[in-house]
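The following exercises ask the student to read a protein model step by step. Each task is followed by a worked solution.

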Amino acid sequence: AYNAINDFANYLANLEMVRNPSFGDQGVAVTRLFINEATIFGVVCTLIARAVVEVLFFTLGVMWRVANGKPIDPMEAALQERLATEEKAH
């Protein structure tokens with residue numbers, strides 16, 4: 001995987017737009033500083049980690065719903081309580 005990332009970084013670094021951009025020397029320096037293997041690897045790892053966290057969160061949410069059931073609507077709960085109270089009175 002590292003060689004593929006390195007090859008992609010080299011491809012980006014060798015693009016004409018990157019090698020001879022239309023902005024000044026400071027922009028060239030910043031572009032060459034931030035488009036490298038470490039940056040691309042960091043972005044890819046961040047995206048993978050986020051996907052893992054979201055899948056884990058979704059899975060735990062489904063498990064929570066299975067264990068605890070459907071949430072009760074407050075209006076429906078109040079109506080059920082009132083009906084139960086009226087039946088006990090009669």
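**Exercise 1. Locate Leu33 and describe its surroundings on the surface.**

Solution. Step 1: the model is a predicted one, and in it Leu33 lies in helix 3, which covers residues 25-34.
Step 1: the relative accessible area of Leu33 is 52%. Since the label "exposed" requires a value over 50%, Leu33 is exposed.

**Exercise 2. Determine which secondary structure elements the protein chain has, and decide whether the chain is a compact globule or more spread out.**

Solution. Step 1: the protein chain contains five helices and zero strands. Along the sequence, this gives the pattern α-α-α-α-α.
Step 1: for 90 residues the globule rule gives 12 Å, whereas the radius of gyration of the protein chain is 29 Å. The radius is well over the rule's value, so the chain is more spread out than a compact globule.
Step 2: the box filled by the C-alpha atoms, taken along the principal axes, is roughly 90 × 30 × 15 Å.
Step 3: of the 90 residues, 9% count as buried. The protein chain exposes about 8,000 Å², of which carbon and sulfur atoms supply 66%.

**Exercise 3. Identify the aromatic pair and classify its geometry.**

Solution. Step 1: the count of aromatic pairs comes to one. This pair is formed by Phe8 and Tyr11, with 6.4 Å from centre to centre and 25 degrees between the planes.
Step 1: planes under 30 degrees apart count as stacked, so the pair of Phe8 and Tyr11 is classified as stacked.
Step 2: why are Phe8 and Tyr11 separated by about one helical turn? The reason is that they are three residues apart in helix 1 (residues 2-13).
Step 3: Phe8 has a relative accessible area of 42% and is partly exposed.

**Exercise 4. Find the salt bridges and describe the partners in each.**

Solution. Step 1: a search of the whole structure finds two salt bridges.
Step 1: one of them links Glu54 with Arg50, whose closest N and O atoms are 2.7 Å apart. Because Glu54 and Arg50 are four residues apart in helix 4, about one helical turn separates them.
Step 2: Arg50 is exposed, at a relative accessible area of 56%, while Glu54 is partly exposed at 43%.
Step 3: another salt bridge links Arg82 with Glu86, and here the closest N and O atoms are 3.3 Å apart. Arg82 and Glu86 are four residues apart in helix 5 (residues 74-89), and are therefore separated by about one helical turn.
Step 4: Arg82 counts as exposed at 58% relative accessibility, whereas Glu86, at 37%, counts as partly exposed.

Methods:
Residues are numbered from 1 along each chain as its sequence is written. This is a predicted model: local features need pLDDT of at least 70, side-chain atom pairs count only at pLDDT 80 or more; totals for chains, interfaces and linings use all residues. Side-chain values use heavy atoms; hydrogens and water are left out. Patches are made of residues with over 30% relative accessible area and no salt bridge: like charges are joined within 9 Å, nonpolar side chains (Val, Leu, Ile, Met, Phe, Trp, Tyr) within 5 Å. Accessible areas come from the Shrake-Rupley method with a 1.4 Å probe; for residues, only the protein chains shown count as cover. A salt bridge is a side-chain nitrogen of Lys or Arg within 4 Å of a carboxyl oxygen of Asp or Glu. Helices (H or I, at least four residues) and strands (E, at least two) are DSSP runs, numbered from the N terminus. Buried means under 20% relative accessible area, exposed over 50%, partly exposed in between (1.4 Å probe, protein chains only). Rings of Phe, Tyr and Trp (its six-membered ring) pair if their centres lie within 6.5 Å; planes under 30 degrees apart count as stacked, over 60 as edge-to-face and the rest as tilted. The radius of gyration is taken over C-alpha atoms; the globule rule is 2.2 Å times the number of residues to the power 0.38.
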